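Please find below a note on the model under review.

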Amino acid sequence: MSEYFNTSDLDKFNNGDLADLHKEHWDNFINYYGNVMAEGKLSVRTKALIALAVAHAEKCPYCIDAYTTKCLDLGLSKEEMMEAVHVVSAMQAGITLVTSVQMKNIIDDLEF
């Protein structure tokens, strides 16, 4: 295997090949996933943008592939998609910075 990410693996996932390993858990996941991603208080478009942003945050090439395609299929623009990526990037930067409060607390406690 020369590469980790192989686009054709998405077909294996979408076809339910992982059900071979534990069908009951797979079926439970597919049911849960389908219910969560369906139209609800949030639109399917909004959920797809959230999923695309999370895919980038988690650095999952399979999810980036799947949700880029899903967003395009739903008529989202490349600008909307990139804005979602920037939102998650800003969140990650803020999360990194806010945790530095702990560092500052230790520094403040140890300063004489």
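The points below take up the basis of the model, the annotated domain, the pocket, the core, the cysteines and several individual residues.

1. Basis of the model. This is a predicted model, in which local features need pLDDT of at least 70 and side-chain atom pairs count only at pLDDT 80 or more, while totals for chains, interfaces and linings use all residues. Residues are numbered from 1 along each chain as its sequence is written, and side-chain values use heavy atoms, with hydrogens and water left out.

2. An unreviewed UniProt entry lists residues 29–97 as "domain: Carboxymuconolactone decarboxylase-like". UniProt positions follow the numbering used here, feature names are shortened, and annotations may be inferred rather than shown by experiment. Over residues 29–97 the chain is 83% helix and 0% strand, with 34 Å between the end C-alpha atoms. Helices (H or I, at least four residues) and strands (E, at least two) are DSSP runs, numbered from the N terminus.

3. Largest pocket. The largest pocket holds about 460 Å³ of space. A pocket is here an open set of points on a 1 Å grid over the protein atoms alone, where a 1.4 Å probe fits, with protein on both sides within 12 Å along at least five of seven lines; lining residues have an atom within 4 Å of a point. Grid points are joined across faces, edges and corners, and the volume is the space filled by probe spheres set on the points.

4. Pocket lining. Which residues lie nearest the centre of the largest pocket? They are Phe13, Asn14, Tyr33, Ala66 and Tyr67, from a lining of 18 residues. Two or more lining residues come from each of α1 (8–14), α2 (23–37), α3 (44–58) and α4 (61–73). By class the lining has 14 nonpolar, 1 polar and 3 charged residues (Ala, Val, Leu, Ile, Met, Phe, Trp, Tyr, Cys and Pro count as nonpolar, Asp, Glu, Lys and Arg as charged, and the others, Gly among them, as polar).

5. Nonpolar core. The largest nonpolar core has 7 residues: Ala48, Ala51, Leu52, Tyr67, Cys71, Leu76 and Met81. Such a core is a set of buried Ala, Val, Leu, Ile, Met, Phe, Trp, Tyr and Cys residues joined through side-chain atoms within 4.5 Å. Buried means under 20% relative accessible area, exposed over 50%, and partly exposed in between (1.4 Å probe, protein chains only). The elements giving two or more residues to this core are α3 and α4, and α3 gives the most, with 3 residues.

6. Lysine 59 is placed in the loop between α3 and α4 and has a phi near 55°, a positive value in a residue other than glycine. With 63% relative accessibility, lysine 59 counts as exposed. Tyrosine 4 belongs to the segment before α1 and is exposed, with a relative accessible area of 65%. Its C-alpha atom is separated by 9.5 Å from that of proline 61, 57 residues apart along the chain.

7. Lysine 12, in helix α1, is partly exposed at 45% relative accessibility. The C-alpha atoms of lysine 12 and lysine 104 are separated by 48 Å. Lysine 70, in helix α4, is partly exposed at 36% relative accessibility, and 47 Å separates its C-alpha atom from that of isoleucine 107.
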